Structures are given as C-alpha cells and as structure tokens.
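Subject: Structure handover and salt-bridge findings

Dear colleague,

Please find below the structure that I am passing on to you. My findings follow directly after it.

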Amino acid sequence: MTDTVTKIHLSGNHLLSSLVGENDAHLRQVQDAFPKSRIHMRGNELSVDGADAALVTRLFEELVLLIEQGQRLDHGTLDQTINMVRANQSPSEVLTHDVLRTARGSLVRPKTAGQKGYVDAMANNVITFGIGPAGTGKSWLAVAMAVRALNAGEVERIILTRPAVEAGERLGFLPGDMMAKVDPYLKPLYDALVDMVGNEGMERLLERGTVEVAPLAFMRGRTLNSSFIILDEAQNTTPEQMKMFLTRIGFASKAVVTGDITQIDVAGGRSGLVGVEKLLAGIDGIGFARLSNSDVVRHRIVVEIVAAYDRATNKS
C-alpha cells in the first residue's frame with residue numbers, strides 16, 4: 001500500500017511566508033503534530049505524503065483561508081487550528097467570526113469551536129447558560145456580546161451581577177460602602193468591559209447609568225427590561241437565588257449566566273447551577289453552552305492544571 005500524496009499551490013509570497021512562519025517555525029509545528037506524514041516545500045508548491053496526508057492538507061487549506069481573511073498566525077492559533085481540524089471542525093469559520101471591535105481596534109473572536117457555539121447561543125436565545133472551567137472565555141465573551149448589543153441599540157443598559165459569596169466571605173464583613181464592597185467580586189467583569197470600551201468609555205457608561213453593577217441580592221423585586229444582564233460565577237447561587245434571578249428578565253432583555261460547577265463555594269454546596277439544565281430543558285429561548293478543557297485559551301499551564309484537577313476528581 002502506497003502513501004497518499006497531496007499538493008497545494010500557494011499564490012503569492014506573502015501567503016507563503018505567513019504559512020511557513022519565521023524560520024519555518026509553523027511548518028515544524030505542523031510536522032511535530034503529524035509525525036506520520038512528511039511536508040515538503042518546493043517554490044510555491046507544498047506537498048504532503050504519509051498516513052495523515054489528507055488531514056494535513058486540509059489543515060493547510062484551512063490555514064490559507066485564515067490568512068486570506070486577515071488572521072495572524074502564531075503558535076497558539078496554529079495549535080488551536082490543528083486541534084479543530086483533528087476534531088473535524090472548520091477553523092476558518094470559527095476563528096474569523098467577528099463579535100466586536102474593541103476601543104483599541106482589536107477584534108474579539110471565538111478561539112475554539114466551543115466558544116463559537118457559545119457566541120451563537122447568546123445570539124439566538126433570551127437566556128444562555130455558559131458552563132465550563134476557568135479560562136474558557138465565559139465572562140469575556142458575555143461582556144463582548146453585551147457591548148455589541150448596546151452598540152447596536154438592541155438594549156439600553158448592561159447589568160453585571162454576581163453572588164457575593166466566595167470562599168466563606170460575605171459583603172457585610174468587607175470594609176467600605178456598597179461599591180467598594182461589590183468591586184472585588186465584579187473586578188473580572190470590570191476588566192473585561194474596560195478592554196472592550198476603554199477606561200474613558202467605562203467611566204461614561206457608569207456615570208450615565210448605562211452600566212450597572214450590583215450584588216445578586218439587589219435583583220430581588222426588580223423587572224429588568226431592555227437590558228443585557230450577566231450573572232457571573234453562578235455556581236455560587238442557591239437554587240432560590242437562581243429562580244429569583246431568572247424571573248427578573250423583562251421585555252427586550254437578554255441574560256447570560258456563567259459558572260463552573262467544579263468551583264462551588266456556596267454554603268452547604270446547594271448550587272443553583274447544578275441541575276438547572278435538566279430543569280429548564282425544552283423551554284424555547286433558553287440555551288446551554290458546555291465548554292470544556294479544549295476551550296481553555298489561557299496560558300498552556302492553565303490547561304494542564306485544569307486537566308490535572310479533573311483527573312484527580314474522576315479518580316475520587
């Protein structure tokens with residue numbers, strides 16, 4: 001049985017240089033990922049032979065599409081692209097999906113197929129649950145979608161909320177006024193908003209009341225119309241708090257609920273996020289996006305830490 005041989009003709013030196021990388025770094029990364037195949041370059045023609053030739057060729061075809069659409073290739077992006085092609089996914093559809101252009105001019109885009117599914121769920125549902133481990137972009141992408149909706153005039157304000165119970169601490173034991181007490185809990189969402197709209201933009205939004213931050217307990221008794229509401233760290237809600245929050249959603253509003261069920265700090269372990277999918281399954285307008293270790297886009301070591309804890313949990 002002979003090995004499959006495939007060829008790709010590359011038009012233009014700019015495409016070639018982006019594809020192979022500085023000092024052929026990208027080619028070596030691909031070769032290391034597919035040791036059963038061999039990659040050869042001759043002029044503007046790339047040929048692949050070996051057991052994984054068809055898969056490697058598809059990878060290069062996807063990379064060409066990404067480069068042509070303005071995607072900058074680096075080690076992390078190439079690694080994500082390799083993983084998606086192995087999973088029979090389309091990186092050129094995932095990595096070029098624009099969510100928002102930030103105040104600094106950079107584009108917010110999903111970096112994995114799971115993140116793309118999460119973004120699509122937020123776009124297509126009234127209430128979306130984003131559930132997964134740290135580093136999967138749950139809060140980051142929710143804030144980006146909130147700013148996008150605000151810029152498009154789909155909502156009039158953004159509301160950020162979070163249960164103020166973590167690692168045994170409660171608001172009453174923290175110094176300062178309410179904003180000072182809430183700030184440590186909502187800092188990750190603040191930081192994401194600043195990245196999206198800039199420091200001055202954030203100040204204006206807060207002054208106008210276009211962005212509101214409050215602990216979850218302050219949602220009781222309110223009806224939230226024309227708002228994009230983000231409930232972060234929802235694994236630390238009780239079932240009663242989750243019900244209270246979900247029934248606050250008013251007309252022309254969207255809500256995103258994010259959480260990680262492996263990091264429950266709520267007293268007694270009674271989390272309002274556990275079992276909510278089974279409870280609400282089948283209700284039109286409610287979507288669930290499950291993110292996994294393969295969607296972690298932080299530093300490589302974070303991915304390995306999450307995987308190590310998951311292995312330990314599965315053994316116990």
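A salt bridge links Asp74 to Arg72, and their closest N and O atoms are 3.5 Å apart. Please note that the model is a predicted one. Of the two partners, Asp74 is partly exposed, at a relative accessible area of 28%, whereas Arg72 is exposed, at 62%.

Asp120 is partly exposed, with a relative accessibility of 26%. Lys116, with a relative accessible area of 19%, counts as buried, because the cut-off for buried is under 20%.

A further salt bridge is formed by the side chains of Arg162 and Glu233, at 3.0 Å from N to O. Arg162 lies in strand E7 (residues 157-162), while Glu233 lies in the loop between strand E11 (227-231) and helix H9 (239-246), so the pair ties together parts that are 71 residues apart in sequence. Arg162 is buried, having a relative accessible area of 7%.

Yours sincerely

Definitions and conventions:
Residues are numbered from 1 along each chain as its sequence is written. This is a predicted model: local features need pLDDT of at least 70, side-chain atom pairs count only at pLDDT 80 or more; totals for chains, interfaces and linings use all residues. Side-chain values use heavy atoms; hydrogens and water are left out. A salt bridge is a side-chain nitrogen of Lys or Arg within 4 Å of a carboxyl oxygen of Asp or Glu. Buried means under 20% relative accessible area, exposed over 50%, partly exposed in between (1.4 Å probe, protein chains only). Helices (H or I, at least four residues) and strands (E, at least two) are DSSP runs, numbered from the N terminus.
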